[in-house]
Structure formats: structure tokens, C-alpha cells
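Good morning, and thank you for making time on the agenda.

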Amino acid sequence: MVAPHSPVEIWELDDPVLEPGSVLLETVASEVCGTDVHLFHGQLSGVPYPIIPGHVSVGKILEAPGVEADALGNPLEPGDVVTFYDVHETCWSCYHCLVARQPNRCPSRKVYGITYSVEEGLLGGWAEQIYLKPGVKVFKIPKGVTADQVIGGGCGLFTGFAAVDRARPELGDTVLVQGAGPVGLSAAAFAGLGGASAVFMIGAPESRLELGRSFGVDEAFHLDETTPEERKDRILEKTGGRGVDVVIEAAGHSSAVPEGLDLMRDGGKYVIVGHYSDVGSIPVNPHLDINRKHAEVLGQWGTGFHHLTRALTLLARHSEKLPLQNIVGKKYSLDEANEALADVEHLRVTKALITP
Ligand SMILES: [Zn+2]
Ligand SMILES: [Zn+2]
């Protein structure tokens, strides 16, 4: 991706020089997610174009000089299929890392496919090979989980997991997920696994809501075919007139926020995870929506390595219940990357993969 608004080009780069402790992957698949659309439109700050996009990827180990095990000690050898934590170079010595213990806000952190420039190497997934610098946290895909499931969920799998982890619903809570993209679908699935007594979803198009039902959503509302009043009436009816205990915003539209606050019960929790880029402001009523409601409103920025490993370990146990591979809409070769971006932007596919 040479620059914002400029078509993606195919460049030929030199083979990487492998440092001890590095891993060279043959890309099996890398995702095209909403973030890549934002990158294409120049909506994320601090991106050193030209970049190789593709942050969450699955690859087969080609070479791994001096690396015998993944980040959790599982033995590794060439041919193994792995994924990796796309965030690297967290410093573990700044205020955010050490004192606030919020390494996802560490100013030194870099992200594969987003904040590495192409001049720094094969550090993005839309490429035939991916170079994992020494220290990048590799995770062998657990037994019982397929590469298509991992990449079908993609970053949405880990982000959705992180949002539920942040909300910490109690057993028996009712949960509303706003948004039916990969993040919303994963959040709904994990909320169900986490013991929700009912999971509601608001989103579009119908094909995504259908996926949501297959992941355990009890009742899905089509965003354009129901009115906010109809949704509210129904949710109040299903929650004893109180509203849901937990709302997870994975819609990425600011208009979701006042509706989410309104549908949440007094003293409920609201996690905002879908606003990864700035889509504008929206008025909320601090008295009615937050203070008087005694609301807990939380943001979730990105994910930690623990989200990745916990999500995949849980997925291994519930593999059959979570057919994440069905999120994959279409696979594209490298020279179809522009088409993939356009299809994701216009919601023609839920999840597009680059399979070089
Ligand atoms: Zn730091
Ligand atoms: Zn993503």
C-alpha cells in the first residue's frame, strides 16, 4: 500500500537476512479487515507508507534459526502452521507498561501490517513470506483448530474476545452486541461461551446475522429493517423492562453509542471496541445516559498476547460450536488485493483473505 487512496501495488523485495531468533513464514493467509480499509483511506495516524498491509496472518514455518519453541514452549519445527502476535516492540519500561500496566498504550509498540514501513522488511501479511523479527510472539495453532478458523476470525476473533474479557459479564448476564462484523460475531460467540443467559445482536446484512445465530446469538435485529424503537421495545420486553446487563459496541458507527447506552440497564457495563478509527462525534446525555444510570463505560484498544492464546485455546475446546471458517467470504491472490479492499469496504464479504 504505497500511500492512502493509491491502488495497492505488487513490489518485489529482497529476501530477508535471517537474524538468530527470527522466523520466516510462508504466508498461508492474511486477512483484509476494516482496519485495512481505514489504512487505504488514510484514517489512521502515524502510518509510515508505503507499508505491507496484513496484521493478523497464518503462516507455515520455512526457517527459524535458533528458535525451538513458540512463546508458550510448544516445540516448533519447519512446516508447522503458526500465527503470531502482531504487536511487537512493546518496551516494558515506560509508564504505560510498568506503572499503568496498559502495554497496549505503550508508545513504542509497533504493529505488523500497520506501523512498519516496507523499508523495514517483510513485516506485513499481504506477501508471499513474512519475516518475524526476533522476539515476535509466535503461537502454534492448537490441535483441533484449523488455519481457516483462526484467520476466519482473524483480528476480530482476538478483539471480540478482548471486549468480552474487558466487560467480564457475570454468569447469567444478558449481553447485546452492536455490529455483526468479525469483531461482533466473535464477541457474541465468546459472550455465549462465557455464560450469558441471552445474547442479542444488532447489525446487517442478513447473512452476517445468520452467522451470528450460528454462533449462539438468540435474537438478531437487522439494523435497517427494524427501528430503534422496535429494538428497544423488544429488548425491554426480554429483560424485564430493565435493559441488558452488558453492551459491546463493535459497530464502528458513532450512532451506535447513544442507542447502546439507552439499551443498557441501570448500573450496566458498556465496552466500546468498534471505534478503532475516528468516525466522528455524537452527543450523549451525561446525566441520563451515564451518571444517573451509574454506568460503567469502558474502551478496549487492541489486544494483548494473552487474548490471542486464550481465545485460540478456548476455540480448540469449542471448535465445533464456533465455525469461524464460515466468516471467510472469499480468498484473493496478491494481485486481487484492490478488489479485496473494495469488497470489504462495501460489505460484499464479511471476511476477505489474501492467500498469496
Ligand atoms: Zn512501554
Ligand atoms: Zn484487523
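This is a predicted model: local features need pLDDT of at least 70, side-chain atom pairs count only at pLDDT 80 or more; totals for chains, interfaces and linings use all residues.

Is Lys351 buried or exposed? Its relative accessibility is 1%, and residues under 20% are classed as buried, so Lys351 counts as buried. Setting aside neighbours within four places in sequence, Lys351 is in contact with Glu31, Val32 and Cys33, with Ile151, Gly152, Gly153 and Gly154, with Pro182, and with Ile327, Val328, Gly329 and Lys330.

Pro182 brings us to helix α4, which covers residues 182–193. This helix has 12 residues and reaches 16 Å from its first C-alpha to its last, close to the 16 Å expected at 1.5 Å a residue. Of these 12 residues, 10 are buried, so α4 is largely enclosed by the rest of the structure. The buried residues are Pro182, Val183, Gly184, Leu185, Ser186, Ala187, Ala188, Ala189, Phe190 and Ala191. After the helix comes Gly195, with a positive phi near 100°.

I turn now to helix packing. Two packed helices are described by the angle between their axes and the distance between the axes. How do the axes of α3 and α9 cross? Helix α3 spans residues 147–167 and helix α9 spans residues 305–317; their axes come within 9 Å and cross at roughly 115°. The two helices are therefore roughly perpendicular to each other, and their crossing is right-handed. On the α3 side, the residues that meet α9 are Gln149, Val150, Leu157, Phe158, Phe161, Ala162 and Asp165. On the α9 side, they are His306, His307, Leu308, Arg310, Ala311, Leu312, Leu314 and Leu315. By class, this contact has 10 nonpolar, 3 polar and 2 charged residues.

Helix α9 also holds Thr309. At 8% relative accessibility, Thr309 counts as buried. Which residues does Thr309 contact, leaving aside its neighbours within four places in sequence? They are Leu72 and Phe139. Thr309 and Leu72 are 237 residues apart in sequence, yet their C-alpha atoms are 8.9 Å apart in space.

Pro228, Arg231, Lys232 and Ile235 in α6 meet Glu259, Asp262 and Leu263 in α7. The residues of this contact divide into 3 nonpolar, no polar and 4 charged.

With a relative accessibility of 32%, Val28 counts as partly exposed. Not counting residues up to four places away in sequence, Val28 touches Val58, Gly59 and Lys60, and also Ile354, Thr355 and Pro356. The C-alpha atoms of Val28 and Ser57 are separated by 7.6 Å, and these two residues lie 29 residues apart along the chain.

Let me finish with the backbone. Where are cis peptide bonds found? One runs from Tyr49 to Pro50, with omega near -5°. Pro50 lies in the loop between α1, residues 34–40, and β2, residues 57–63. Another cis peptide bond runs from Ala204 to Pro205, with omega near -10°. Pro205 is in the loop between β9, residues 198–203, and α5, residues 206–214.

Positive phi values also deserve a word. His5 has a positive phi of about 65° although it is not a glycine. His5 belongs to the segment before β1, residues 23–32, and is exposed, with a relative accessible area of 55%. Leu347, likewise not a glycine, has a positive phi of about 55°. Leu347 is found in the loop between α10, residues 337–345, and β15. At 44% relative accessibility, Leu347 counts as partly exposed.

Thank you for your attention.

Technical notes
Residues are numbered from 1 along each chain as its sequence is written. Chains are lettered from A and ligands numbered from 1 in the order in which they are written. Side-chain values use heavy atoms; hydrogens and water are left out. Helices (H or I, at least four residues) and strands (E, at least two) are DSSP runs, numbered from the N terminus. The expected span of a helix is 1.5 Å times one less than its number of residues. Buried means under 20% relative accessible area, exposed over 50%, partly exposed in between (1.4 Å probe, protein chains only). Axes are lines fitted to C-alpha atoms, for helices over the stretch in contact, and angles run from 0 to 180 degrees between N-to-C directions. Angles under 35 degrees count as roughly parallel, over 145 as roughly antiparallel, 65 to 115 as roughly perpendicular and the rest as oblique. A crossing is left-handed if the near helix is turned anticlockwise from the far one by less than a right angle, and right-handed if clockwise. Contact means heavy atoms within 4.5 Å. Ala, Val, Leu, Ile, Met, Phe, Trp, Tyr, Cys and Pro count as nonpolar, Asp, Glu, Lys and Arg as charged, and the others, Gly among them, as polar.
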